[in-house]
Amino acid sequence: MRLQVSTDYAIRILHYLHVHRKDLSTAMTISQSIGITYPFFIKIANQLKKKGLLKAIQGRNGGYHLARPGEEISLYDVFWSIEGDLALNRCLHDDKFCSRTEPENCEFHHYFQELQEQVIGALSGKTIADFAHS
């Protein structure tokens with residue numbers, strides 16, 4: 001399993017906004033601070049806005065801020081916002097496709113399901129605020 005680069009940047013965007021929560025931050029300021037291009041920032045910010053993690057204020061004195069406190073945004077919230085539901089193996093998708101046997105009787109299915117639940121639990125147990133050292 002590997003996080004998409006956009007998920008990594010989404011975490012960094014939200015972390016930046018948590019650390020600078022007293023101010024509105026412009027897209028240019030955030031993108032330069034975390035080292036991504038402006039267009040890529042806009043693409044990720046739009047996804048985060050659609051999922052309710054980020055808010056934008058338009059206008060001359062506008063900018064971005066968190067839609068809710070960093071203490072209420074888990075790493076899994078960010079993962080889900082960018083990548084969708086986590087499925088470590090094909091058999092864990094909603095259609096339960098299994099190339100070997102029925103998923104309910106497959107020892108691999110059970111193992112991957114338990115592992116997936118552990119990963120989701122670990123990501124859900126950490127918030128953006130947990131990584132702020134200021």
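Predicted model: local features only at pLDDT ≥ 70, side-chain atom pairs only at ≥ 80, totals over all residues.
Local features were taken at pLDDT of at least 70 and side-chain atom pairs at pLDDT 80 or more, whereas totals for chains, interfaces and linings use all residues. Residues are numbered from 1 along each chain as its sequence is written, and side-chain values rest on heavy atoms, with hydrogens and water left out.

The chain contains five helices and two strands, where helices (H or I, at least four residues) and strands (E, at least two) are DSSP runs numbered from the N terminus. Along the sequence these elements follow the pattern α-α-α-β-β-α-α. The C-alpha trace spans about 60 × 30 × 20 Å along its principal axes. Of the 134 residues, 36% are buried; buried denotes under 20% relative accessible area, exposed over 50%, and partly exposed in between (1.4 Å probe, protein chains only). Among contacts (heavy atoms within 4.5 Å) with a separation of 6 or more, 62% are accounted for by residues 24 or more positions apart.

Strand 1 (residues 54-57) and strand 2 (residues 63-66) run antiparallel and are joined by four bridges; two strands pair if DSSP finds at least two bridges between them. Ile 57 stands opposite Gly 63 of strand 2. Five residues lie between the strands of this hairpin, in which Gly 59 adopts a positive phi near 110°.

Beyond its neighbours within four places in sequence, Leu 14 contacts Leu 48, Leu 53, Leu 54, Leu 66, Ile 73, Val 78 and Ile 128.

In helix 4, the residues Leu 75, Tyr 76, Val 78, Phe 79, Ser 81 and Ile 82 are buried. Their cover includes helix 1, helix 3 and helix 5 (107-124). Asp 77, also found in helix 4, is partly exposed, with a relative accessible area of 25%. Residues up to four places away in sequence aside, Asp 77 touches Leu 53, Arg 68 and Glu 72. The C-alpha atoms of Asp 77 and Leu 53 are separated by 8.3 Å, with the two residues 24 apart along the chain. Ser 74 lies in the loop between strand 2 and helix 4 (75-83) and is buried, with a relative accessible area of 8%. With residues up to four places away not counted, Ser 74 touches Leu 123, Ser 124, Lys 126 and Thr 127. Gly 84 follows helix 4 and has a positive phi near 85°.

Pockets were located on a 1 Å grid over the protein atoms alone, as open sets of points where a 1.4 Å probe fits, with protein on both sides within 12 Å along at least five of seven lines; lining residues have an atom within 4 Å of a point. The largest pocket has a volume of about 160 Å³, volume being the space filled by probe spheres set on the points, which are joined across faces, edges and corners. Its lining includes Thr 26, Tyr 38, Ile 57, Gly 59 and Gly 63. Helix 2 (27-34), helix 3 (38-50), strand 1 and strand 2 each give two or more residues to this lining.
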